[in-house]
Amino acid sequence: MRNGGTILISTSTVMLLLLAGCTSAEQPVKVQKQVAPPPPALAISPAHGTKKVPPDIGIGVKVTDGRVTALTVLDAKGHEIAGNLGPDGTWRPTWPLKPSTAYTVRAQATGADGRQTVTERSAFTTLKPKHVLETGLSPLNGEKVGVGMPIQILLSKPASRLEDRVAVERSLTVHMSKPVEGSWSWVSDREVQFRPRAYWPAGERVTVVAHLAGLRIGRGVWGARDRSVTFTVGPEHITTIRNKTHRAIVRKNGEVVRKIPVSLGKPGFESWSGTMIAQEKAENFLMDSATIGIPGEYLHHTKWNVRMTYSGMFFHAAPWSTGAQGHRNVSHGCVNAGTGDARWFYNFTQRGDIIKVTGTSQRLQFGNGPTPWAKSWEEWLAGSAIKTATDA
């Protein structure tokens, strides 16, 4: 308001200006106190002190507010057990744990902040089986065998169910110095064999490991222990015996090294035709017809015996039939040869060497001893529970 050239400002206006000047000053900032994240919590199953734990169980590791950063499983001797921790928090061994064995688990977890850690320990003992699975394994450790020799796993308890056979096959490993395709195949519910698709290469070195300790089959049957053997394959020995010519042609690495006159099974006692292997050797053997259900037919002590079938077909010395050898068949199913030739063949032969007989009326039956070559590769592979070949 103007009055005589003088500007008058009301009291209320002055107060507003003063208040406006006050609001331009900086306001104090409230600082919120940071709360530390909770420490991680870690729990292990089986719990510390647990007994009679099934050997095929997984080890559970449960973590809250963090993650597992270290995990070891040790046996009673302090050996670390190989295994993997899955996304579900369950650690599983590569192979089952052993029965009647103490184990210790040590686990560490780290919190969300990456700084807080916690460790836990659990010691437990696996169960002692009431029913035990024992095994036999062939070839023998350190043995040199022929190119046709299968690997045989013999079970003391039957693997009757498909899932049991799958479990057994998955527990078996075959390591080869010269990898070739091969497969397991079931001969019976107590025997599974491995053979290559073709014969083993000469000079092959094979290590077989049966990870059967802690393996469960059937109702409460547990594998007692692991088994392993290493064997080598000798030179390729293939003998072809022809009924038509009454001759055995023996080859080493493809070269003929001997031709042997022989006599095969006479009518009514024909020899088996098929691809067999030298199953075992015996310098002396008692041939008794009572073992094939016809007592009194023959009873001979024979020399330089190479077994070809479980049913009693041998390549052996027969000095009583030298006049027929190379001309006609007079034996009771065996391959007769002269003493000198039979002794040479005995010393030459490795267990697992291939022996082929052709031209007789009787066909070799699969299972008459280790007879993996009585089946085609397709038939052999069909006998596997997992239907998968390997070339490890």
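Which residues is phenylalanine 231 in contact with, leaving aside its neighbours within four places in sequence?

**Close-up 1. Phenylalanine 231 and its contacts in the predicted model.** In this predicted model, phenylalanine 231 is in contact with Pro139, Leu140, Glu143, Val145, Ile151, Trp200, Glu204, Arg205, Val206 and Val208, once its neighbours within four places in sequence are left aside. One of these partners, proline 139, is joined to serine 138 by a cis peptide bond with an omega of about 5°, and the place of proline 139 is in the loop between β11 (135-138) and β12 (144-145).

**Close-up 2. The largest nonpolar core.** This core has 33 residues, and those with the most contacts inside it are Ile151, Trp184, Trp200 and Phe231. At least two of its residues come from each of the strands β13 (151-155), β14 (172-176), β15 (182-188), β16 (191-196), β17 (205-210) and β20 (227-233). Another core, of 23 residues, lies apart from it and includes Ile241, Trp304, Val335 and Tyr346. In soluble globular proteins, nonpolar side chains tend to be buried together.

Close-up 3. The strands follow the order β23-β22-β21-β29-β24-β30, with mixed pairing. Because β23 (255-261) and β30 (362-363) stand at the edges, each with a single partner strand, one side of each is left without a neighbour in the sheet. β30 pairs in the parallel sense with β24 (residues 272-277) over two bridges, and arginine 363 in β30 is the bridge partner of serine 273. Helix α3 (residues 339-348) packs on the sheet, where it touches β21 (237-242), β22 (247-252), β23 and β29 (354-358), and the direction of the helix makes about 140° with that of β23.

**Close-up 4. The largest pocket.** About 560 Å³ of space lies in this pocket, which is lined by 29 residues, with Ile292, Tyr298, Gly312, His332 and Cys334 lying nearest its centre. Two or more lining residues are given by each of β25 (280-288), β26 (299-307) and β27 (314-317), and β25 gives the most, with four residues.

**Close-up 5. Backbone details.** Most residues other than glycine have a negative phi, and most peptide bonds are trans. Tryptophan 304, although not a glycine, has a positive phi of about 55°; tryptophan 304 is found in strand β26 and, at 12% relative accessibility, counts as buried because the cut-off is under 20%. Lysine 387, in the segment after α4 (377-382), also has a positive phi of about 55°. A cis peptide bond with an omega of about 10° joins serine 45 and proline 46, and proline 46 is placed in the loop between β3 (41-45) and β4 (59-64).

Conventions. Residues numbered from 1 in each chain as written. Predicted model: local features only at pLDDT ≥ 70, side-chain atom pairs only at ≥ 80, totals over all residues. Heavy atoms only, no water. Core = buried A, V, L, I, M, F, W, Y, C linked by side-chain atoms within 4.5 Å. Buried < 20%, exposed > 50% of the residue type's maximum accessible area, 1.4 Å probe, protein only. Contact = heavy atoms within 4.5 Å. Pairing = 2+ DSSP bridges. Axes fitted to C-alpha atoms, helices over the stretch in contact; angles between N-to-C directions. 1 Å grid on protein atoms, 1.4 Å probe; cavity = no way out; pocket = protein on both sides within 12 Å on 5 of 7 lines; lining within 4 Å. Points joined across faces, edges and corners; volume = space filled by probe spheres on them.
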